[in-house]
Each structure stands twice: as structure tokens, then as C-alpha cells.
Amino acid sequence: MLPSLRRGILTLCSRRIYIFMMVIVPLGCTFFFLSLMHEGLPLKVPVGMVDMDHSTLSRRIGRSLNASELIDISTDCESFNAAMRQVRGGEIFGFFYIPTDFQEKALSGRTPTLSFYSNMTIFVPGTLTFKGFKTIAVTTSGGIVQTTLTGAGVDEGTAGNLIMPLRTDIHPIGNPWTNYSIYLSQSFLSGVLALLVMLMTSFSICKEFKDGTSPQWLATAGGSMLKALLGKLLPQSVVFIAIGIAMQTVMFRFLHFPLNCSPWHMILAMILLVFACQAFATVVVEILPNLRFSMSICSLVGILCFSVAGFSFPVEKMYGAIGIFSYIMPIRYYFLIYIDQALNGLPLYYSRFYYIALLVMLLPPALGLRRLRARCLHPIYVP
């Protein structure tokens, strides 16, 4: 076992691609993405305003829009067409349209129309623009109704209760700050790490076939395929686990992401994630012992993790033929552990099946060890 481990360590030190892919890339992605999402939520999205009324009420609406923390009126457009050109050109993400004679119709009870347009091509700023516009539109509508009621002799308290008979008390659970980074950074960075683990596992094994050194690799382990795999992959596991824990430390300790559980719960999840991803890539290599094919499949699976694993769309709402693939992806169970343990702080008992699923994923490579050993003894490289 020791000679096999020694060979695995020397292999990691012999090529710079290992250090680059296992250390520099994940740490670089961590600092880049966390810096990009440092604010947590994009604020002051640039929008425009088309004021065709130029009245006291329309100017008050403009001031209210500018005071919103979500949007920033960066330009005053002279017409609807001019505003639409800026939206299509990417200069603004939407605009608020106030028609002619708005104040006159509002005060006379003739029901004027306020219009707002949001560019939903880019989802996050488009959604924030829509939310900011809708809030101001509803507030303006309520203010006009209240003015009309008080003008008819209704006292202000009664008018306010008629406009808003029910008040809501909102308590977001797990992420009360509605911080996008708490959700996106954890899923994106763990997904990147899982992708790199699978790529480096398939690369390091298939490189032996390509270079024709697999018989020497097997001989170093005394002819045992299991010892050969452990000797090659354990040094990589140590490096990836250290990088994964470093990523968790940056997020939980220095950026103060919610951690409503013992840190060891997430560390254990990271360790199992690395081992499960290595096991998954080993199964791929056992089925297709070809450098190009195995790395292509691992890349495809790693990229699909961001959508099929349930990060951006619930698995329950996917087509059955697509959603079933989420259950064979290790990263899905790590993400579910993160939600249960770090965000919601549930007892470890309720996440036991996710930990068990990651452990079970370590077993399938044992079924293909004989096939992999035969390929090692007679390496055939197919370009």
C-alpha cells in the first residue's frame, strides 16, 4: 500500500496541471464568485422613467422610485420608443411610464393607467426591477384612493383600513436577509469542486492507459486493483478535502454565512462529497476506460449538476425521465445537507438518509474492479 501511495503522491507533484486544477482553480473561483456576490443582492438596478404628465403627482412618483433601494432612475426618457430602445440596447433594465393627464384623471376619479416594463431576459435584475416598480405602483394607487376617500369625508384611519384591511408579517426562514450569495455561492462553488474532483479522477486513471504505464501502476500495488486505486486517489482526496474545508471556512467563518449546526456536520458532508465524486468518476472509467470519453461524461454530469440536481429548479417539478438523474448525482445530497443543517439547523437525525446516500455511492466501483484490472494489464489507448 505504501509504494502505491508514494507513487500517487509523486504523480501529483510531477505535473503542474494537478496543482492548477486541484488548488488554483477552486480557490480562484471561490474568491472571484464570493467577491462578485459580496453585496448579496443587486441593488440600484438602472432603470428609466417616461413622464408624459410633468405634474406634481408624477414628480412625487419619480422621487419615490429614486428612493427605492432596488432601482435607480438613471435616465429620463422623452418617449416610449426612446425608452424601449435603451432597454433593447442593454442600457437600462426597464422603465416606468406615466401617461399624459395622469394627475387630472387620478384626482377626478377617472382611473388612469400606470405602466411599467421590465426586461426579464436577465432574470435577477429584471425581477428586482419588476418588484420595485410594482411596489411604487401599488403605493401610488393606495395613496390616490386614500386622498379620494378623505376628500369624501372619511377620516384617515378608516380610509387606511379600507385600503389595507390585512397586514402581513413576513419572516423568511433560513435566509432572513434574502441574500442571494448564501444560496448561490454554496451551490455554485460546491458544484465546481465536484466537477473538478470527477475530472481529475478520470484524468489520473486514464492517463495511465494513455501513457502505457498502467501495468507498472498495478505492479506497484502488488497486483491489487483496489490498492492501486486507493494509492492514486487518496492523495487527491486529501488535497480536495482541504480545499473544500477552506472554502467552507471562508463562507461560514469570515463571510458569516448561516451555520445553524455543528461545523463537523458540514465537514463530514464535504469529505463524503469528495469520496462520492471520486467513486462516480471511477465507475465512469470502468465502463469507458478512455481518456476523452470518460472526461467528456464527467464534464457533462458536472455541468448538468447546476440544473438537474435541483439548485435552480425543484426536482419534484421536473419530467420524471430527467428528475431521476438527480438522485445519482452526489452534489444533490450535499446541497440537501447544507439546507437542512446549515440553513435550517435540523437535528442530524433528519439528514441521515443524505449522508447514507453519499456512503452508498462508494460501493459501485467495487463491481468493476476486475474489468479495470484487465484493462490495466493490457492497456489500449484509443485516441
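Contact, in these notes, means heavy atoms within 4.5 Å. With that settled, I looked up Met266, which touches Gln248, Phe252, Leu259, Cys261, Tyr334, Ile337, Tyr338, Gln341 and Ala342 once neighbours within four places in sequence are set aside.

**Ground rules**

I am working from a predicted model, where local features need pLDDT of at least 70, side-chain atom pairs count only at pLDDT 80 or more, and totals for chains, interfaces and linings use all residues. I number residues from 1 along each chain as its sequence is written, and side-chain values use heavy atoms, with hydrogens and water left out.

**Entry 1**

I found Met266 in helix 11; helices here are DSSP runs (H or I, at least four residues), strands are E runs of at least two, and both are numbered from the N terminus. Is Met266 buried or exposed? Met266 is buried, at a relative accessible area of 1%; the cut-offs are under 20% for buried, over 50% for exposed and partly exposed in between, with a 1.4 Å probe and protein chains only.

Next I asked which residues touch the most other members of the largest nonpolar core. Of its 73 residues, these are Met225, Leu229, Phe240, Met266, Ile331 and Tyr338. Helix 8 (residues 180-211) gives the most to this core, with 15 residues. For the record, a nonpolar core is a set of buried Ala, Val, Leu, Ile, Met, Phe, Trp, Tyr and Cys residues joined through side-chain atoms within 4.5 Å. A second, separate core has 18 residues, including Leu57, Ile98, Ala106 and Ala137. A reminder to myself: in soluble globular proteins, nonpolar side chains tend to be buried together.

**Entry 2: helix 14 against helix 15**

I took helix 14 (residues 330-343) and helix 15 (residues 352-360) as my next pair; their axes come within 9 Å and cross at roughly 155°. The axes are lines fitted to C-alpha atoms, for helices over the stretch in contact, and angles run from 0 to 180 degrees between N-to-C directions. Helix 14 and helix 15 are therefore roughly antiparallel to each other; my scale is under 35 degrees for roughly parallel, over 145 for roughly antiparallel, 65 to 115 for roughly perpendicular, and oblique for the rest.

The crossing of helix 14 and helix 15 is left-handed, a label used if the near helix is turned anticlockwise from the far one by less than a right angle, with clockwise giving right-handed. Which residues meet here? From helix 14 I listed Pro330, Tyr333, Leu336, Ile337, Asp340 and Gln341, and from helix 15 Tyr354, Tyr355, Ala357 and Leu358. By class, this contact of helix 14 with helix 15 has eight nonpolar, one polar and one charged residues. I count Ala, Val, Leu, Ile, Met, Phe, Trp, Tyr, Cys and Pro as nonpolar, Asp, Glu, Lys and Arg as charged, and the others, Gly among them, as polar.

**Entry 3: helix 11 against helix 15**

I then turned to helix 11 (residues 263-287), whose axis comes within 8 Å of that of helix 15 and crosses at roughly 30°. That makes helix 11 roughly parallel to helix 15. Their crossing is left-handed. On the helix 11 side the contact is made by His265, Leu268, Ala269, Leu272, Leu273 and Ala276, and on the helix 15 side by Tyr355, Leu358 and Leu359. By class, I have eight nonpolar, one polar and no charged residues for helix 11 with helix 15.

**Entry 4: two histidines with positive phi**

Most residues other than glycine have a negative phi, and I noted two exceptions. His54 has a positive phi of about 55°. His54 is in the loop between strand 1 (45-51) and helix 3 (56-67), and is exposed at 58% relative accessible area. For His256, phi is near 60°. His256 lies in the loop between helix 10 (225-254) and helix 11, and counts as exposed at 60% relative accessibility.

**Entry 5: single residues**

Ser4 is in helix 1 (residues 2-14) and is buried, with a relative accessible area of 2%. Leaving out residues up to four places away in sequence, Ser4 touches Thr220, Ala221, Lys227, Ala228, Gly231 and Lys232.

Where is Gly345? Gly345 lies in the loop between helix 14 and helix 15 and is partly exposed, at 32%. With residues up to four places away not counted, Gly345 touches Asn260 and Asp340.
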